[in-house]
Amino acid sequence: MTVATIDVVPTELARGRGGGGPAPTRIVVAYGFWIFLLSDFIMFSGLFAAYAVLSDQTAGGPTGRELFNLRNVFIETACLLLSSYTCGLQALSAEQRQQGRFYVFAVFTFVLGAAFLVIEISEFAGMVSKGAGPSRSAFLSAFFTLVGMHGAHVTSGLVWLTYMVAQVVVKGLRPHVLRRLLCFSLFWHALDIIWIGVLTLVYLIGAR
Amino acid sequence: MDGDDRLLDDRNPGVRPEESVANVLSYTAGLGLAILLTIASFVVSQTNLLWAPGIPVGLIVLAFAQIGVHLVFFLHMGSGPDNTNNILALAFGLLIVFLVITGSCWIMANLNANMMPMSAAMPR
């Protein structure tokens, strides 16, 4: 963009750069929540670094290749991807004030997220029952911390989604409820980004 | 409902209502690309057709591509004026993530390389 075009339409181009008046509340709220999500990514980067350093320290215990079941991991990934999609459609229906469609997509999002969690918990339970719990080796400690932290985020996302649906029931799709829904969908999509990292680093590279 | 909205909306004066950048098509395109990249990752990780030492690098490249798809199609990171601050914050976040992960791996690899052999340090 050249200076000349900024002179022609100042409010359109100058927003976000200090000129053209204050940004809409929706933009400011999304920016603040994005900063939080980035700090969450940085916390996860510490866990990823710990896993990368410790992934070979199996202390004679089972390795990733023996433990991971890629078929389950594929189903988990599909659940998360589809729930991200329905979460996007849910955000769209909320913006267009279609409350019925919003509920339908919210239920899909919740069920797919819950399915992911059920598979993950049964995977964890299977590993612990085989004697491959978090105390077995440094590799497994790092594995349970990283993957469990992502699972904890999904759990809190499900609680948050339930709470948001309750807010829509009670208050309707008002602007401040819409902004909270915007933050929720940012959170839910960000969890998918973390999962891509977990899938690649832990499961696909670890199972080879 | 409309009057109620205007009353409750604390949008600042002089700013027109935002046109949403999102639509069903963008989410569907994002889902399609994400599914393609995920399947590619699984295929690459299981195949015997590729040079094995190169596969982890390939998987990481596919992961970055998919993260890009998610950022653009699901989180709506774009080049619009409203997104400048988001992109700058993302760039800073990526820098820190990069420093934490590569820095940890680098330092720990160095420590491992310089470590006295375990048997010499602590005879069992």
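The legends below describe close-up views of a predicted model.

**Figure 1. Overall confidence of the predicted model.** The model is a prediction, with an ipTM of 0.85 and a pTM of 0.86. The average pLDDT of chain B is 82, and 77% of its residues reach at least 70. Within chain B, helix 3 has the highest confidence, at a mean of 95, whereas helix 1 has the lowest, at 44. The pLDDT falls below 50 over residues 1–16 of chain B.

**Figure 2. The fold of chain B.** Chain B contains five helices and zero strands. Read from the N terminus, its elements follow the order α-α-α-α-α. Of the 124 residues in chain B, 26% are buried.

**Figure 3. The interface between chain B and chain A.** The size of an interface is often given as the accessible area lost when the parts come together. For chain B and chain A, the buried area is about 4,700 Å², and carbon and sulfur atoms provide 72% of it. Three residues, B:Tyr27, B:Phe42 and B:Leu75, contribute 13% of the area that chain B buries against chain A, more than any other three residues. The contact involves 53 residues from chain B and 50 residues from chain A.

**Figure 4. Polar pairs and the composition of the chain B side.** Between chain B and chain A there are zero salt bridges. Two residue pairs are in polar contact across the two chains, both at pLDDT 80 or more. On the side of chain B that touches chain A, at least two residues come from each of helix 1 (2–8), helix 2 (24–46), helix 3 (55–74) and helix 4 (84–114). Helix 4 of chain B gives the most to this side, with 13 residues. By residue class, the side of chain B that touches chain A comprises 31 nonpolar, 15 polar and seven charged residues.

**Figure 5. Surroundings of A:Trp188.** A:Trp188 belongs to helix 8 of chain A, which spans residues 175–204. Its relative accessible area is 3%, under the 20% limit, and A:Trp188 therefore counts as buried. Leaving aside residues up to four places away in sequence, A:Trp188 touches A:Ser83, A:Ser84, A:Cys87, A:Thr109, A:Gly113, A:Val154, A:Gly157 and A:Leu158. A:Ile35 is 153 residues from A:Trp188 in sequence, and the C-alpha atoms of the two are 15 Å apart in space.

**Figure 6. A positive phi at A:Ala59.** A:Ala59 is a residue other than glycine with a positive phi, near 50°. In chain A, A:Ala59 sits in the loop between helix 3 (25–54) and helix 4 (64–67). The relative accessibility of A:Ala59 is 60%, over the 50% limit, so A:Ala59 counts as exposed.

**Figure 7. A positive phi at B:His76.** In chain B, a positive phi is found at B:His76, a residue other than glycine, with a value near 55°. B:His76 occupies the loop between helix 3 and helix 4 of chain B.

Conventions: Residues are numbered from 1 along each chain as its sequence is written. Chains are lettered from A and ligands numbered from 1 in the order in which they are written. This is a predicted model: local features need pLDDT of at least 70, side-chain atom pairs count only at pLDDT 80 or more; totals for chains, interfaces and linings use all residues. Side-chain values use heavy atoms; hydrogens and water are left out. Contact means heavy atoms within 4.5 Å. Buried area is the accessible area (1.4 Å probe) that two parts lose on being put together, summed over both. A salt bridge is a side-chain nitrogen of Lys or Arg within 4 Å of a carboxyl oxygen of Asp or Glu. A polar contact is a pair of N or O atoms within 3.5 Å; within protein, one must be able to donate a hydrogen and the other to accept it, and residues adjacent in sequence count only if both atoms are side-chain atoms. Helices (H or I, at least four residues) and strands (E, at least two) are DSSP runs, numbered from the N terminus. Ala, Val, Leu, Ile, Met, Phe, Trp, Tyr, Cys and Pro count as nonpolar, Asp, Glu, Lys and Arg as charged, and the others, Gly among them, as polar. pLDDT is the predictor's confidence in each residue, from 0 to 100. Buried means under 20% relative accessible area, exposed over 50%, partly exposed in between (1.4 Å probe, protein chains only).
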